[in-house]
Amino acid sequence: FNSSAAVVSSTLVSCLTGVLRIYANSDLGNHWWPVCFGYLAFGLTLCFWQRIRSCWKSRQVFLDRLCICQEDEALKRQGI
């Protein structure tokens, strides 16, 4: 589930780094380390996307006591 978010974030970071390397008068130049920003964004998003997403999205919980009949064993087995 995290791989699509990781691809999007690394693509955006890589594009932003490329734009900064071209248009900004910064010291990014032709060094090797600006390339690492895309890899770093991919790795961090892949590992921590669920925690990042939880800041904006509420948690969803499945309550099986409400959804699966607890008294009738046949219905309980069928629900599971």
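**Exercise 1. Place Ala-6 in the fold and state which residues it touches beyond its sequence neighbours.**

Step 1. Ala-6 is found in helix 1; helices are DSSP runs of H or I with at least four residues, strands are runs of E with at least two, and both are numbered from the N terminus. The model is a predicted one, in which local features need pLDDT of at least 70, side-chain atom pairs count only at pLDDT 80 or more, and totals for chains, interfaces and linings use all residues. Residues are numbered from 1 along each chain as its sequence is written, and side-chain values use heavy atoms, with hydrogens and water left out.

Step 2. Ala-6 counts as buried because its relative accessibility is 0%. Buried means under 20% relative accessible area, exposed over 50%, and partly exposed in between (1.4 Å probe, protein chains only).

Step 3. With neighbours within four places in sequence left aside, Ala-6 is in contact with Phe-42, Thr-45 and Leu-46; contact means heavy atoms within 4.5 Å.

Step 4. Ala-6 and Gly-38 are 32 residues apart in sequence, and their C-alpha atoms are 9.7 Å apart in space.

**Exercise 2. Find the buried side of helix 1 and say what packs against it.**

Step 1. Helix 1 covers residues 2-23, which is 22 residues, and reaches 32 Å from its first C-alpha to its last, close to the 32 Å expected at 1.5 Å a residue. The expected span is 1.5 Å times one less than the number of residues.

Step 2. The buried residues of helix 1 are Asn-2, Ala-5, Ala-6, Ser-9, Ser-10 and Thr-17. They lie on the same side of helix 1 because they cover an arc of only 125 degrees around the axis, the arc being that of the directions from the helix axis to the C-beta atoms. An α-helix has 3.6 residues a turn, so residues three or four places apart point the same way.

Step 3. This buried set packs against helix 2. Asn-2 is buried because its relative accessibility is 15%; beyond four places in sequence, Asn-2 is in contact with Thr-45, Leu-46, Trp-49 and Gln-50.

Step 4. The face turned away from the buried side of helix 1 carries the exposed residues Leu-12, Ile-22 and Tyr-23.

**Exercise 3. Is Tyr-39 buried or exposed?**

Step 1. Tyr-39 is in helix 2.

Step 2. Tyr-39 is exposed because its relative accessible area is 62%.

Step 3. Tyr-39 and Ser-9 are 30 residues apart in sequence and 9.8 Å apart in space, C-alpha to C-alpha.

**Exercise 4. Which residues form a nonpolar patch on the surface, and where is Trp-56 placed?**

Step 1. Leu-40, Leu-44, Phe-48, Ile-52 and Trp-56 form the patch, with about 550 Å² of accessible area together. Patches are made of residues with over 30% relative accessible area and no salt bridge, joining like charges within 9 Å and nonpolar side chains (Val, Leu, Ile, Met, Phe, Trp, Tyr) within 5 Å. A salt bridge is a side-chain nitrogen of Lys or Arg within 4 Å of a carboxyl oxygen of Asp or Glu. Accessible areas come from the Shrake-Rupley method with a 1.4 Å probe, and for residues only the protein chains shown count as cover.

Step 2. Trp-56 sits in the loop between helix 2 (36-53) and helix 3 (64-67). Trp-56 counts as exposed because its relative accessibility is 72%.
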